[in-house]
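Please keep the sequence and the three-dimensional view at hand while reading.

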Amino acid sequence: MSEELVTSVIKAIFERRSIRRFRPEKPPREDLLKIIEAGIWAPSGHNNQPWRFVVIWSEDIKEKLSKLSHYSQMIKKAPVLIGVFLEKKAMYHQIKDHQSAGACIQNIMLAAHSLGLGTCWIGEILRNEDRVKEILGLHKEEYEMCALLAVGYPDDKSKRAGRNPLSTFILKEM
Ligand SMILES: Cc1cc2nc3c(=O)[nH]c(=O)nc-3n(C[C@H](O)[C@H](O)[C@H](O)COP(=O)(O)O)c2cc1C
């Protein structure tokens with residue numbers, strides 16, 4: 001792997017921050033598909049690739065989803081949303097499949113950042129998982145919702161979340 005690519009991955013990791021306000025322009029569909037493709041290259045247990053996506057451009061659907069969350073403005077105004085789900089029949093282990101979904105989502109967010117797109121992982125809407133699936137026309141028993149991702153060009157000047165010092169996370173070095 002080229003040094004340039006390695007550097008750009010680390011750069012994206014350190015630069016990416018959740019974006020909750022977006023410019024109105026929609027990203028090109030190719031870029032949207034590219035970031036989802038980055039998602040599917042995440043590792044998964046047994047390479048079972050349990051993730052499934054719903055790409056939401058429709059203002060009508062966004063409006064309906066926005067009513068199910070405290071983050072209604074972000075959901076309504078995001079140029080595009082990605083619903084991330086696990087297909088239950090592709091799953092083999094609850095914890096590991098959720099870990100795979102997390103890796104997938106992180107890939108999507110980092111790839112988006114590298115294309116100049118901002119994202120926000122919206123977990124809060126999971127409390128209305130069944131309603132979300134109904135609105136998206138997904139069978140309740142077949143899919144488990146992991147997250148809704150807001151995606152668009154950043155227009156967010158709000159203060160960025162920091163991190164505690166590295167030393168506070170390292171329990172031991174032996
Ligand atoms: C599992 C999970 C659920 C999250 N849910 C929400 C959410 O519902 N709304 C929101 O605004 N941000 C949500 N976030 C984003 C976090 O608030 C954010 O990642 C954290 O504050 C660190 O900020 P950063 O992403 O800018 O580094 C979620 C993140 C994760 C990983």
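The paragraphs below treat the chain as a whole, then its sheet and helices, the ligand surroundings and some individual residues.

This is a predicted model, in which local features need pLDDT of at least 70, side-chain atom pairs count only at pLDDT 80 or more, and totals for chains, interfaces and linings use all residues. Residues are numbered from 1 along each chain as its sequence is written.

The chain contains 6 helices and 4 strands; helices (H or I, at least four residues) and strands (E, at least two) are DSSP runs, numbered from the N terminus. Read from the N terminus on, the order of elements is α-α-β-α-α-β-α-β-α-β. The radius of gyration of the chain is 17 Å, close to the 16 Å that the globule rule gives for 174 residues, so the chain is as compact as a globular protein of that length. Here the radius of gyration is taken over C-alpha atoms, and the globule rule is 2.2 Å times the number of residues to the power 0.38. Along the principal axes, the C-alpha atoms of the chain fill a box of roughly 50 × 40 × 30 Å.

Of the 174 residues of the chain, 30% count as buried. A residue is buried if 20 or more other C-beta atoms lie within 10 Å of its own, exposed if 12 or fewer, and partly exposed in between, with C-beta atoms placed from the backbone. Among contacts between residues at least 6 apart in sequence, 83% join residues at least 24 apart; two residues are in contact if their C-beta atoms, placed from the backbone, lie within 7 Å.

Strands of a sheet pair through backbone hydrogen bonds, either parallel or antiparallel. Two strands are taken as paired if DSSP finds at least two bridges between them.

The pairings can now be followed across the sheet. S1 and S2 pair in the antiparallel sense over 6 bridges, and Trp51 stands opposite Leu86 in S2. Strand S2 (residues 80-87) in turn pairs with strand S4 (residues 143-152) over 8 bridges, again in the antiparallel sense. Within this pairing, Gly83 stands opposite Leu148 in S4, while the bridge partner of Leu81 in S4 is Ala150. S3 is joined to S4 by 5 bridges, and these two strands run antiparallel; here Thr119 stands opposite Val151 in S4.

Burial can be given for two of these strands. S2 is mostly covered, with 7 of its 8 residues buried. In S3, 4 of the 5 residues are buried, so S3 is largely enclosed by the rest of the structure.

Attention now turns to the ligand. The residues around the ligand are Arg17, Ser18, Arg20, Tyr71, Cys120, Trp121, Ile122, Gly123, Glu124, Arg160 and Ala161; a residue is near a molecule or strand if its C-beta atom, placed from the backbone, lies within 6 Å of it. By class, this shell has 5 nonpolar, 2 polar and 4 charged residues. Ala, Val, Leu, Ile, Met, Phe, Trp, Tyr, Cys and Pro count as nonpolar, Asp, Glu, Lys and Arg as charged, and the others, Gly among them, as polar.

Some individual residues complete the picture. Most residues other than glycine have a negative phi, and most peptide bonds are trans. His46, although not a glycine, has a positive phi of about 55°. His46 lies in the loop between helix H2 (29-40) and S1, and it counts as exposed with 10 C-beta neighbours inside 10 Å. Asn47, also in the loop between H2 and S1, has a positive phi near 50° and is exposed, with 7 other C-beta atoms within 10 Å.

Val9 belongs to helix H1 (residues 3-15). Val9 is partly exposed, with 13 other C-beta atoms within 10 Å. Val9 and Leu110 are 101 residues apart in sequence and 7.9 Å apart in space, C-alpha to C-alpha.
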